[in-house]
Amino acid sequence: MHTRAWPRPGATALFRGMLSLIFLVAGTGHLLNTGHIVERLLDAQYGFLATAVAPARPLVLLAGTALLIGGLGLLLGYRTRWAALLLILVVIPITITIQIGRPTLGPLFKNVAIMGGLLFFATHGAGPYSLGERLQGRQQSP
């Protein structure tokens, strides 16, 4: 496997950790305050796109679980590419159903920026100071 020298290893790890926080907080909110999130989905202009696939409550619980799993993977730097891809797959439908059609564009573009950060980790991996790097180092030791 090709190892790359990261120009700012501490900044990359900090970026990964800070980005993960939104998913850990949102996932926790989905699981602990499910009723409120279900109401937001049902009240959203394009929420019907999601509820055409499955009832709102299971979707919210599934999204919350995925947000926590992906956020934890991102935070720890474990299976980071997969965690970032999972989070992208969750953020896209949330963005379409909840953020599009709102009177302000800030939340929509916040999600676009977040997906940019996720795309970075999906393509580059966790980088330094990650569980993945630590485990890979142990596998390469004699």
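A polar contact, as the term is used in these legends, is a pair of N or O atoms within 3.5 Å, where within protein one atom must be able to donate a hydrogen and the other to accept it, and where residues adjacent in sequence count only if both atoms are side-chain atoms.

**View 1. Polar contacts of the Asn111 side chain in a predicted model.** The side chains of Asn111 and Lys110 are joined by a polar contact of 3.0 Å, and the side chain of Asn111 makes a further polar contact, of 2.8 Å, with the side chain of Thr95. Asn111 belongs to helix 6, which covers residues 106-124.

**View 2. Surroundings of Asn111.** When residues up to four places away in sequence are left out of the count, Asn111 touches Val91, Ile94, Thr95 and Gln99, and Thr95 is also the residue whose side chain is in polar contact with that of Asn111. Asn111 counts as buried because its relative accessibility is 5%, and the cut-off for that class is under 20%.

**View 3. The aromatic pair of Tyr46 and Phe48.** The structure holds four aromatic pairs, and one of them, formed by Tyr46 and Phe48, is tilted, with 6.3 Å centre to centre and 45° between the planes. Tyr46 counts as partly exposed because its relative accessibility is 28%, and Phe48, at 49% relative accessibility, likewise counts as partly exposed.

**View 4. The aromatic pair of Phe120 and Phe121.** Phe120 and Phe121 form an edge-to-face pair, with 5.0 Å centre to centre and 90° between the planes. Phe121 is buried, with a relative accessible area of 0%, whereas Phe120 is partly exposed, with a relative accessible area of 26%. Together with Phe15, the residues Phe120 and Phe121 form one aromatic cluster.

View 5. Taken along the principal axes, the box filled by the C-alpha atoms is roughly 55 × 25 × 20 Å. Among contacts between residues at least 6 apart in sequence, 73% join residues at least 24 apart.

Terms used:
Residues are numbered from 1 along each chain as its sequence is written. This is a predicted model: local features need pLDDT of at least 70, side-chain atom pairs count only at pLDDT 80 or more; totals for chains, interfaces and linings use all residues. Side-chain values use heavy atoms; hydrogens and water are left out. Helices (H or I, at least four residues) and strands (E, at least two) are DSSP runs, numbered from the N terminus. Buried means under 20% relative accessible area, exposed over 50%, partly exposed in between (1.4 Å probe, protein chains only). Contact means heavy atoms within 4.5 Å. Rings of Phe, Tyr and Trp (its six-membered ring) pair if their centres lie within 6.5 Å; planes under 30 degrees apart count as stacked, over 60 as edge-to-face and the rest as tilted.
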